[in-house]
Amino acid sequence: MTEPSIAVLLALVGLPFLGAALVPAVYRVLGERTAYFAASVAAICLALVASLHGTHGTAGVEWVPSLGVALRFHVDGLSLLIGYLATGIGVLILTYSGGYMHGEPSQPKYYAALLAFLGSMLGVAFVADLIALFVFWELTSVSSFVLIGHYRDDPASQYAARKAMLITVAGGLFMLVGFVLLVAVSGDVGPATFALFTADGTGMLQNAAAMRDALSGAGLLVPVLLLLGLGAATKSAQVPFHVWLPNAMEAPTPVSAFLHSATMVKAGVYLVGRFRPLFVPKGAVDLGAGPWSELFVALGLATMTIMAILAVAASDIKELLAYSTASHLGLIVAGFGFAGKLGAETGAFHIFNHAAFKAALFLVAGIVAHEAGTRRIDELGGLAEDLPVTAAVAVVASLGMAGVPPMNGFFSKELLFDAAYHAAEHEGGVTWLLPAVAVFGSVFTFLYSIRFLMLFFGDKPDTLGEVHRPPLAMVAPPVLLGAIVVVVGLVPNLAIDAIVGDAYAASGGKASFSLGYPTSLKPPVLMSIATIALGVVAYQFYGPIRDGIRRLLAVDPLSANTYYDGGVEGLTALGRRTVPVVQSGLVRTYAAWVVGAFAALTLAAYAAAGVSLPGVETVAYDLGVATVSGPTLGSVTPAVAVILALACVAVVAVSRAPSHIAGVLALSIVGFVVAIFYILGSAPDLALTQLVVETLLLLVFLLVLDKLPEFYGGDDRGVIARDAVLSGVVGVTVFLSVVLATAADPPKIAAYFTQEATTVDEAGGHNIVNVVLVDYRALDTLGEISVVAMAAISVVTLIAMRQRGESS
Amino acid sequence: MNDDTTVIARTVTRIVVPIILVTAIALLLRGHNLPGGGFIAGVLTTTAVGLMYVIFGLDYLEEEILHRRPTVDDIRPPIAADYRAMYALGLTTALVSGLVAVAVGAQFLDQGFIYVKSLPGSKAPLPLYDKIEVASALAFDVGVYFVVVGALLTILGVVGAE
């Protein structure tokens with residue numbers, strides 16, 4: 001095995017993004033043929049993935065070596081499998097889009113988003129670092145959001161885009177928490193790291209056993225598993241987070257085929273496969289991986305069965321395919337849930353098989369919708385007459401989906417049956433439900449597969465108008481995919497030797513495996529026969545079964561959508577109620593919330609950190625009132641006492657001022673007094689700054705004085721009491737902060753800068769404050785002046801908006 | 001506002017504003033070794049201009065000093081564009097001063113300094129000053145100065161014009 005080249009990996013992940021950036025310019029030249037530009041970008045990526053074939057290992061570029069931050073890539077069978085799917089199906093989809101998107105709106109956005117998605121997906125597959133993985137993961141959600149919401153005038157499309165975004169991104173955030181916990185635990189094994197794989201073998205997946213022990217030791221095994229599971233389940237539309245996937249079918253059909261069946265939703269199962277070696281001990285079989293097996297086998301089988309049942313009730317061909325996709329993703333998750341070789345074989349092989357037949361079926365659905373003008377199952381039939389080639393592909397792919405030999409789906413389903421049966425035989429008792437549920441779910445899979453197939457046969461409904469022939473660009477991709485379904489079905493070892501075997505090894509298997517047609521009536525074979533037989537019988541009652549499921553779904557509490565819509569409505573209503581309270585349009589309300597939140601957060605942080613107040617002596621010392629030991633910062637001289645007394649008087653005057661002018665003047669007395677205090681405290685720079693700022697502030701007040709409202713608070717006692725409490729709390733918070741901050745003995749820091757070597761010899765200045773500002777902390781200063789400039793821009797923008805009447 | 005101010009205020013402002021401006025520049029230049037610096041100098045300069053605004057009105061600077069005619073349909077004072085250019089220039093100066101350090105092989109925003117002890121070609125010490133310190137930090141400080149002046153005057157001008 002050779003090491004992968006970092007240049008190839010960077011080019012692979014970067015190229016689609018570059019292509020996406022170029023799309024608007026290309027579109028101006030090529031117009032609708034931009035599809036072929038995008039397809040050629042994907043083809044180059046496919047070639048790059050192919051050039052990585054046979055390599056195995058980690059490569060990276062250092063970024064911040066002192067923090068261990070690097071962009072790392074890892075190449076193994078699993079990442080190559082996802083890479084092949086993304087680029088290979090990407091080429092086909094982009095070619096197909098050239099025909100499908102003819103005359104559609106905003107095509108540059110469409111192609112740019114598709115290419116950006118391709119890059120993100122390749123990123124997910126190949127990065128070996130948790131932070132980068134998270135970033136690419138969320139990027140796939142963002143590009144999916146843009147693509148689902150492609151028809152911007154369609155409310156259903158907007159609803160679907162928001163739903164998908166909300167669910168997948170929220171799941172991603174849970175996953176991020178899981179990642180952070182993993183990084184924290186990795187600190188118990190070696191130096192804390194974000195890396196899954198590193199070249200020197202310190203990545204967390206390379207030390208899976210030690211990591212597993214550390215997780216168990218910290219009691220975090222189950223929490224981390226659940227958090228990662230949430231990320232995977234939301235992305236891969238597992239029960240009960242599947243609700244976004246059927247709505248996502250609002251996207252143009254090529255998007256559904258690419259993102260929502262073949263690739264993006266595979267990111268979730270990829271995550272499960274990737275982390276499988278971390279949670280499944282070597283040598284464990286069946287349900288031997290404890291919580292991992294319990295979680296994913298249950299989740300996967302439940303999803304597989306429930307989604308298959310929902311698919312039967314679907315009334316739209318894309319809806320049917322969406323539920324079916326979720327169902328098959330459930331099969332993959334269940335496969336990865338089983339420990340031992342059968343589980344990994346199921347997962348890895350079905351990722352491949354499902355991508356092939358499902359992408360083909362979506363493209364078929366796209367042709368049907370495009371050429372027949374409807375997607376409603378009731379209105380379609382007898383399409384084989386007009387679409388003979390498409391019908392052939394549909395037959396092959398549907399049978400693959402149903403798991404009927406000699407199509408590819410047969411083998412992965414057989415493997416799942418085998419794994420479930422094995423587990424039941426080994427564990428006994430209630431686990432016998434596993435093979436039973438697997439067969440039960442598969443019967444429904446068989447049912448809806450045949451229903452889809454029958455769209456092409458039987459009588460043509462009268463309502464169906466003329467059906468056109470699709471252009472070659474739309475027919476060639478599904479034909480190619482259909483051919484893969486048949487070939488892999490006839491010779492499964494072809495796919496296994498090419499890539500699936502390596503993916504199996506990467507997700508916790510040994511080296512590779514091989515499959516052949518069964519020669520004896522083993523239990524899994526009997527299960528397959530039972531599935532097909534039951535399916536054929538049940539198909540006779542398709543109508544009643546479908547109506548029964550629909551009646552069940554009409555009961556609100558049984559539909560997961562009810563909970564999603566209710567939750568979103570609740571949150572929206574809460575937001576509507578909160579805004580007028582927090583942002584009333586009056587500056588004083590905003591100020592009250594801002595300072596109140598500041599005080600609450602600060603006090604809560606002090607309480608959480610359990611800080612203890614320094615003794616009175618220390619405080620007195622820091623304030624210069626008393627000397628404890630060592631050099632003092634200056635004791636209270638009569639001058640300081642007078643100044644502080646003056647400040648107190650001025651503060652009282654502010655609160656009692658009868659007019660704005662008096663108030664402002666009293667306030668600036670406080671400011672100037674503070675400046676004098678600085679002078680007495682030997683801080684000329686601070687004093688100077690305080691003086692000029694105070695002057696400027698006074699000037700600004702004078703400018704805006706006549707614009708201020710006549711009266712602030714009124715006589716409402718409740719308001720006055722509230723303001724008094726707020727002021728008191730803020731005062732206490734600031735006082736505490738000063739006391740606690742000065743108790744940390746700042747002279748130690750100051751001592752470094754007061755050394756002549758630091759300021760004069762090193763930085764060439766005698767003014768410590770200035771040297772710190774422009775030299776040692778110049779980056780901070782740069783940030784601060786950027787904020788000043790931004791503030792100016794915001795003021796200009798706000799005022800310009802008001803003049804254009806955009807304020808409400 | 002022009003009519004509200006007294007002769008005394010106007011006369012004092014006339015005399016004081018140039019003094020403030022010179023003081024501000026002095027504070028900027030000596031900042032590295034004595035109390036002062038870009039931020040203080042910037043705020044002080046703003047104060048000087050602000051004083052002019054309060055005493056002479058917003059259009060004074062535009063018409064009497066810069067000799068420009070304000071266009072009627074322009075709601076914002078045209079000088080606001082100059083202020084904007086000023087903080088843009090300031091940010092650029094600060095950034096470039098940091099990038100120069102990178103260009104000569106140091107870290108971003110690393111500062112250096114040299115002492116100029118004599119004029120080129122002569123060995124005699126500089127007249128009056130004996131030697132002058134040329135610090136790259138000054139460039140950064142000038143950037144800070146321009147950002148502060150530009151941004152504060154933008155806010156002052158735009159809010160004042162309201």
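Visitor: How many residues of chain B are in contact with chain A?
Guide: This is a predicted model, in which local features need pLDDT of at least 70 and side-chain atom pairs count only at pLDDT 80 or more, while totals for chains, interfaces and linings use all residues. For finding your way, residues are numbered from 1 along each chain as its sequence is written, and chains are lettered from A and ligands numbered from 1 in the order in which they are written. Two residues are in contact if their C-beta atoms, placed from the backbone, lie within 7 Å. By that rule 36 residues of chain A meet residues of chain B, and those of chain B number 40.

Visitor: Which element gives the most to the side of chain B that touches chain A?
Guide: Elements here are DSSP runs numbered from the N terminus, helices being H or I of at least four residues and strands E of at least two. Those giving two or more residues to this side are helix 2 (38-56), helix 4 (79-103), strand 2 (132-135) and helix 5 (136-161) of chain B. With 13 residues, the biggest giver is helix 5 of chain B.

Visitor: How many nonpolar residues does that side of chain B have?
Guide: Ala, Val, Leu, Ile, Met, Phe, Trp, Tyr, Cys and Pro count as nonpolar, Asp, Glu, Lys and Arg as charged, and the others, Gly among them, as polar. On the side of chain B that touches chain A, 12 residues are polar and three are charged, and the nonpolar ones number 25.

Visitor: Let's turn to chain A. What share of its residues is buried?
Guide: Chain A has 32 helices and two strands, and its C-alpha trace spans about 105 × 60 × 55 Å along the principal axes. A residue is buried if 20 or more other C-beta atoms lie within 10 Å of its own, exposed if 12 or fewer, and partly exposed in between, with C-beta atoms placed from the backbone. Of the 808 residues in chain A, the buried share is 44%.

Visitor: How far can I trust the model, and over which residues of chain A is the pLDDT below 50?
Guide: pLDDT is the predictor's confidence in each residue, from 0 to 100. Chain A averages 86, and 94% of its residues score at least 70. One stretch, which has 12 contacts in the model beyond near neighbours in sequence, falls below 50: residues 626-634.

Visitor: At which residue does helix 1 of chain A bend?
Guide: The bend at a residue is the angle between axes fitted to the seven residues ending there and the seven starting there. Helix 1 (residues 6-30) of chain A bends by about 50°, with the proline A:Pro24 following within four residues, and the place of the bend is A:Val23.

Visitor: Is A:Leu48 partly exposed or buried?
Guide: A:Leu48 sits in helix 2 (residues 34-52) of chain A. Beyond four places in sequence, A:Leu48 touches A:Val8, A:Ala11 and A:Leu12; A:Leu12 is 36 residues away in sequence but 6.3 Å away in space, C-alpha to C-alpha. Because 19 C-beta neighbours fall inside 10 Å, A:Leu48 counts as partly exposed.

Visitor: Is A:Ala237 buried or exposed?
Guide: Most residues other than glycine have a negative phi, and most peptide bonds are trans. A:Ala237 has a positive phi, near 55°, and lies in the loop between helix 8 and helix 9 of chain A. That loop also holds A:Pro240, whose peptide bond from A:Val239 is cis, with omega near 0°. With 28 C-beta neighbours inside 10 Å, A:Ala237 is buried.
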